[in-house]
Amino acid sequence: MFSSLISRYERFGIHLGLERIQYLLDQIGQPHLQVPIIHVAGTNGKGSVCAYLSSVLTAAGYRVGRYTSPHLVDWTERICINNQPIETSALTKLLVDLEAEMASISLPSPLTQFEVITALAWQYFAQQQVDLAVIEVGLGGRLDATNVCEQPLVSVITSLSREHWQRLGPTLADIAGEKAGVLKAQRPAVVGPLPPEAAAVVQAKIQQLNCPATWPQPARRVKAPHATPDTLPWAESAGVIFPLSLPGEIQLTNTAVAIATLQQLQLQGWQISDEAIITGMANTRWPGRLQWVHWRQHPLLIDGAHNVAAARGLRQHVDSQQPPQVHWLMGMLSTKDHQDILEILLQPGDTLSLVPVPGHSSAEPQALAELAKTVCPRLACCQCFPSLEKALEDAFRPEPETPSMHVLCGSLYLVGHYLQTYAPTV
């Protein structure tokens, strides 16, 4: 029921700006001012950092809200308390109640779908009296609907690359200016490694606002303090040693950002022990990113890889496995940088199966195929399929003598479609 209710707001599209959401929140009791928040922006790594923070703070004994987007399978994933998604019935009631309140409010213009779900998150966290909430930016930062709090506990920028440039501006400096909009006067900031052009913009904003800022370097791998056959790999950042529960080299950066953020909270009096950090980091889960699943007993690696930086991380991870061959199953949205992503992912000898992304503005598989053949003329095979299922059935025909590593990627929506449709076991 909730999906059908919230889908009515899709027609209002994406309109960045704070006027509508600020006016609504003011009219319904300012729930956003009742919850201390950590505000997390960035191109890649936002979700992972939010997952680390909420997991560690939960292990430390706090009641922790977490708001992220998009969801993979169900809307309830976006609004969690102590890593547990809100019940569908509770989310539906929130929306029905909000619409009843909105009926008597004269909004400047119709709310977008993202603004509505963001307002529901603020209301739920206030009603549930969470100790604090980890809030992920939806798009950009400065004009994102989450950017309505002037006193965040910490503002975070995880990374920055050229994505959503159609809305945020054509250059890295333009995009950095939008992301830096989450920084607030004299409030702590944690910033991951940025390209020089972007770092200069963020640094200037930090100086203008007099933000106490931390720029953590990626964590480094260390020997596990108590090795067992199934021990996770471990890492160290800023004197803290912790397990790495999420795969991929990019997590050395994401965990360092999370640790620096937790240390800022400790400076403010939040009680977060080393034991809570170890337990929380070990228990962190963030599906759909470098995740091994099974399709009809066949191993399959799934990952969004929906922009250049994410594609680079995926190719690096695939290469670290040293597969004899790679079979890509891929679909992309029409708005993405198709050529750059294909150039990063494809190598001679790879096989490519292209599919549409169901329910979204998908790039045409045939157009992607033509581009892929131009980018990588020595592909072993490049085919288009009308559906993901047809592509999977073809990909997992009886294995040749040299087995392939199969990777599904190109869009988080495609990964979500896979998880929803095939309910894999990890």
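Close-up 1. The residues in question are Ser48, Leu246, Pro247, Gln251, Trp286 and Arg289. The space inside comes to about 30 Å³, and the count is one cavity of 30 Å³ or more. A cavity is a set of points, on a 1 Å grid over the protein atoms alone, where a 1.4 Å probe fits but cannot get out, and lining residues have an atom within 4 Å of a point. Grid points are joined across faces, edges and corners, and the volume is the space filled by probe spheres set on them. This is a predicted model: local features need pLDDT of at least 70, side-chain atom pairs count only at pLDDT 80 or more, and totals for chains, interfaces and linings use all residues. Residues are numbered from 1 along each chain as its sequence is written, and side-chain values use heavy atoms, with hydrogens and water left out.

**Close-up 2. Ile79, Leu91, Leu120 and Phe125 touch the most other members of the largest nonpolar core, which has 37 residues.** Such a core is a set of buried Ala, Val, Leu, Ile, Met, Phe, Trp, Tyr and Cys residues joined through side-chain atoms within 4.5 Å; buried means under 20% relative accessible area, exposed over 50%, partly exposed in between (1.4 Å probe, protein chains only). Elements giving two or more residues include α1 (2-6), α4 (88-102) and β5 (132-136), while α5 supplies the largest share, nine residues. Helices (H or I, at least four residues) and strands (E, at least two) are DSSP runs, numbered from the N terminus.

**Close-up 3. Helix α9 covers residues 250-267.** Its 18 residues reach 26 Å from first C-alpha to last, close to the 26 Å expected at 1.5 Å a residue; that expected span is 1.5 Å times one less than the number of residues. Since 14 of the 18 are buried, α9 is largely enclosed by the rest of the structure. Just after α9 comes Gly269, with a positive phi of about 100 degrees.

Close-up 4. Gln30 is partly exposed, at 34% relative accessible area.

Notes: On a 1 Å grid over the protein atoms alone, a cavity is a set of points where a 1.4 Å probe fits but cannot get out, and a pocket is an open set with protein on both sides within 12 Å along at least five of seven lines; lining residues have an atom within 4 Å of a point.
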